[in-house]
Amino acid sequence: MAERPQIAILGAGIFVRNTYIPRLAEISDLFTLKAIWSRSEESAKGAVEIARKFFPEVECKWGEAGLDEIIQDASVIGVAVVLAGQTQVDMSLRLLKAGKHVLQEKPAAASISEVENALSSYNSFSATLPSRPIWAIAENYRFEPAFVESKKLMAEIGDMMNVQIIIEGSMNSSNPYFSSSWRRDFTGGFVLEMGVHFIAGLRMMLGCEITLVSTNTSHIDTTLPPPDIISSTIQLENGCSGVFVMVVSSRSPKVLWRVVGLKGTIQVERGNKKGVHGYSVTLFTAGGQSNSWFYPFSGVTEELKTFLSDISRATLKKDHSYQAEPRLSYLEGARDVAVLAAMLESGKRQGAPVQVKRF
């Protein structure tokens with residue numbers, strides 16, 4: 001039986017404290033949490049205090065010295081990078097170059113040029129290492145059961161005719177991320193930081209790529225960074241077209257995907273059943289019948305389980321032969337960023353069509 005992998009977390013902010021630590025606690029039998037690191041001692045100690053309720057032996061690391069200790073620790077084979085979006089790629093590459101497997105929080109990068117430079121660097125130094133370290137991106141929607149099952153249902157609706165995605169993303173002063181400085185300073189603001197989830201879910205369902213977009217952007221709520229509205233027509237590689245509309249608002253989130261086919265329609269909608277949050281999936285058939293299923297949110301946990309399984313198996317292989325789960329790959333995260341980057345660029349050009357960069 002394989003030894004449980006030892007991992008570290010870089011970052012001690014809201015998402016680590018409110019999501020990573022509780023979700024990892026649910027699957028604590030699959031790994032050992034060796035350390036939590038932050039740039040400041042105070043932040044690191046705050047996160048470790050929470051984590052020790054579930055992981056009593058977790059070590060507290062901070063600053064450059066603490067980071068070096070994690071990098072030099074051969075027992076730590078995997079690292080979750082949960083930092084400000086502007087710094088994650090450089091940190092991930094530093095860890096990967098040291099032979100660590102990395103699960104980097106979304107988005108994959110802040111721009112297309114950063115994606116291109118990152119992939120070039122990763123491919124270059126990976127070729128010189130004894131085994132290729134896994135670079136995974138945590139977006140979780142490719143692991144949400146609603147999208148896994150919706151993808152299977154696509155065969156039921158026949159030839160695709162049209163797709164419609166309508167999102168009201170909630171963001172107001174009561175949201176813990178409202179004052180997040182890195183999200184506000186990010187190119188594209190909350191639209192890019194939140195939007196990669198919805199593009200990931202869409203691409204997962206459709207099984208084909210978005211090739212061309214034409215987008216109008218607006219900035220209405222001045223308490224939010226621009227833009228807070230994008231309205232885009234999209235063209236798919238299979239010839240189908242559709243619309244993608246995202247509004248960042250102060251109201252409760254509303255999210256809807258509809259894929260219309262020749263023989264039926266699939267609808268995925270965010271909802272709540274008996275106090276449990278998740279997505280409802282409805283299949284409408286040409287005969288007027290419909291069937292619905294509800295799937296609670298579990299994408300973060302499933303994603304973490306997959307990463308832990310991948311790094312354990314890759315460590316046993318000790319060469320370049322292990323193929324990690326494609327849904328976690330950096331390339332998939334980069335492709336999500338590419339779609340939103342094209343939308344934002346089209347918005348700057350007053351709706352001029354923009355090709356989506358292919359990776």
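Axes here are lines fitted to C-alpha atoms, for helices over the stretch in contact, and angles run from 0 to 180 degrees between N-to-C directions. Please keep in mind that the model in these views is predicted.

**View 1. Helices α4 and α5 pack against each other at an angle of about 5°.** Here α4 covers residues 88-97 and α5 covers residues 112-126, and their axes lie 10 Å apart. Angles under 35 degrees count as roughly parallel, and α4 and α5 are therefore roughly parallel to each other.

**View 2. A closer look shows the residues that α4 and α5 bring together.** From α4 come V89, L93, L96 and K97, which meet E114, A118, S121, Y122 and F125 of α5.

**View 3. An open sheet is built from 9 strands with mixed pairing.** Follow the strands across in the order β14-β13-β12-β11-β7-β10-β9-β8-β15. At the edges you will find β14 (290-296) and β15 (354-355), each with a single partner strand, so one side of each has no neighbour in the sheet.

**View 4. Strands β7 and β11 run antiparallel.** Between β7 (residues 160-170) and β11 (residues 254-261) there are 8 bridges. For I165, the bridge partner in β11 is W257.

Methods
Residues are numbered from 1 along each chain as its sequence is written. This is a predicted model: local features need pLDDT of at least 70, side-chain atom pairs count only at pLDDT 80 or more; totals for chains, interfaces and linings use all residues. Side-chain values use heavy atoms; hydrogens and water are left out. Helices (H or I, at least four residues) and strands (E, at least two) are DSSP runs, numbered from the N terminus. Angles under 35 degrees count as roughly parallel, over 145 as roughly antiparallel, 65 to 115 as roughly perpendicular and the rest as oblique. Contact means heavy atoms within 4.5 Å. Two strands pair if DSSP finds at least two bridges between them.
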